[in-house]
Amino acid sequence: MYEFSYQRPGSLAEAIAAIKSADDGQVLAGGQTLLPTLKQRLAMPSDLIDLAGIGELKGVSVDGGNVVIGAMTRHADVAGSAEIRAKIPALAALADDIGDRQVRNRGTLGGSIANNDPAADYPAACLALGATITTSERKLAAEDFFTGLFETALGDGEIITSVSFPVPDKAAYMKFKNPASRYAIVGVFVVKTGSDVKVAVTGAGSGGVFRVPDMESALAANFSAGTLKDIEVSADGLNSDIHAAADYRAHLIGVMARRAVEACG
Ligand SMILES: Cc1cc2nc3c(=O)[nH]c(=O)nc-3n(C[C@H](O)[C@H](O)[C@H](O)COP(=O)(O)OP(=O)(O)OC[C@H]3O[C@@H](n4cnc5c(N)ncnc54)[C@H](O)[C@@H]3O)c2cc1C
């Protein structure tokens, strides 16, 4: 690890001031990605601003038709939240299937989406549910937030404060997971709200999470798993790695999408 100055602000205002005054500051959430990165000397922030002591960034609330989750809310708390289980059970189930118990007890919603790992689960939920990401500076639609592999629209020193998820009529997430890490080899999140259907895929795209318009229009006309039977997903632009080839991932997208529609009931 390179040397850095550690700061633990007690409020969001203090965290913003700390990051703005640092030469090259970086915020720390649960450290599940950032600490290994620092240990391998792949990052060299001048200041590490730990968000763990900021109560206003944690917790779950229901605001009209939205579930609002603080950026520092850990995966285990999303999985166990009575409000989320009642309003968007698919989101609680997604959180409950992230990594292992230790990862779920340290990893956070904000850290996951800021990192935008191409195999992470939350980006699919954000895109399919049409989430709004609130930062220290603005509000961003999920469509505009995830911009590429490990890339987001966040600017320097911009801190995610919460994510607001509209409550859908029906939603389900199905993941074909890596048995060791539980990251998605392919994960598909399907949401139906009125006549609108969204299908978001994680784990497969070389540019990160993406939607499947052909599936969405077919399901909007007829919301049944059988509707997807004849929709071929192209392997072009999908990842090939030691876990799965691009054409296998393309096949899995169809399988996971059909299972998700069936799970929507
Ligand atoms: C063994 C293992 C298995 C895993 N399995 C899965 C899995 O199955 N599915 C899955 O989706 N994920 C998985 N993860 C990822 C994990 O769930 C974490 O969400 C992810 O590692 C980010 O960790 P963190 O929240 O602790 O953030 P950190 O590591 O602290 O930070 C990650 C990045 O986000 C930035 N950041 C953090 N919070 C904010 C904020 N509020 N605003 C702006 N930037 C911020 C940091 O500066 C850093 O760049 C796994 C991780 C491990 C180690």
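This is a predicted model: local features need pLDDT of at least 70, side-chain atom pairs count only at pLDDT 80 or more; totals for chains, interfaces and linings use all residues.

Within α5, the buried residues are Ala90, Leu91, Ala92, Leu94 and Ala95. In soluble globular proteins, nonpolar side chains tend to be buried together.

Next, the domains. The chain is divided into domain 1 (5-50), domain 2 (55-166) and domain 3 (170-264). The C-alpha centres of domain 2 and domain 3 are 20 Å apart. Their contact draws 22 residues from domain 2 and 25 residues from domain 3. On the domain 2 side, α5 (89-96), α8 (122-129) and β8 (146-148) each give at least two residues. The largest share of that side is six residues, and α8 supplies it. By class, the side of domain 2 that touches domain 3 holds 16 nonpolar, four polar and two charged residues.

Ile160 sits in β10, which spans residues 160-166. Ile160 is buried because 27 other C-beta atoms lie within 10 Å, and the cut-off for buried is 20 or more. Beyond its neighbours within four places in sequence, Ile160 is in contact with Ala71, Gly110, Ile113, Ala114, Ile133 and Thr135. Ile160 and Ser136 are 24 residues apart in sequence, yet 6.3 Å apart in space, C-alpha to C-alpha.

The ligand has 32 residues around it, and Gly30, Gly99, Gly107, Gly110 and Gly111 come nearest. The elements that give two or more residues to this shell are β2 (25-28), α6 (101-106) and α7 (109-115). The largest share, five residues, comes from α7. The shell divides into 15 nonpolar, 14 polar and three charged residues.

Now the core. The largest nonpolar core has 80 residues, of which Val188, Val190 and Ala260 touch the most other members. With neighbours within four places in sequence set aside, Ala260 is in contact with Ala172, Tyr173, Met174, Val188, Phe189 and Val190.

Two loop residues deserve a look at the backbone. Most residues other than glycine have a negative phi. Arg41 has a positive phi, near 60°. Arg41 lies in the loop between α2 (34-39) and β3 (47-50). Arg41 counts as exposed because it has 9 C-beta neighbours inside 10 Å. Phe150 also has a positive phi, near 55°. Phe150 is in the loop between β8 and β9 (151-152). With 13 C-beta neighbours inside 10 Å, Phe150 counts as partly exposed.

Finally, the whole chain. The chain has 11 helices and 14 strands. For 265 residues, a compact globule would have a radius of gyration near 18 Å, and the chain agrees, at 18 Å. Its C-alpha atoms fill a box of roughly 55 × 45 × 30 Å along the principal axes. Of the 265 residues, 43% count as buried. Among contacts between residues at least 6 apart in sequence, 61% join residues at least 24 apart.

Back to the helix you asked about. Its buried residues include Leu91 and Leu94, and α5 supplies at least two residues of the side of domain 2 that touches domain 3.

How values were computed
Residues are numbered from 1 along each chain as its sequence is written. A residue is near a molecule or strand if its C-beta atom, placed from the backbone, lies within 6 Å of it. Helices (H or I, at least four residues) and strands (E, at least two) are DSSP runs, numbered from the N terminus. Ala, Val, Leu, Ile, Met, Phe, Trp, Tyr, Cys and Pro count as nonpolar, Asp, Glu, Lys and Arg as charged, and the others, Gly among them, as polar. Domain bounds come from an automatic or database domain assignment. Two residues are in contact if their C-beta atoms, placed from the backbone, lie within 7 Å. A nonpolar core is a set of buried Ala, Val, Leu, Ile, Met, Phe, Trp, Tyr and Cys residues joined through C-beta atoms within 7 Å. A residue is buried if 20 or more other C-beta atoms lie within 10 Å of its own, exposed if 12 or fewer, and partly exposed in between; C-beta atoms are placed from the backbone. The radius of gyration is taken over C-alpha atoms; the globule rule is 2.2 Å times the number of residues to the power 0.38.
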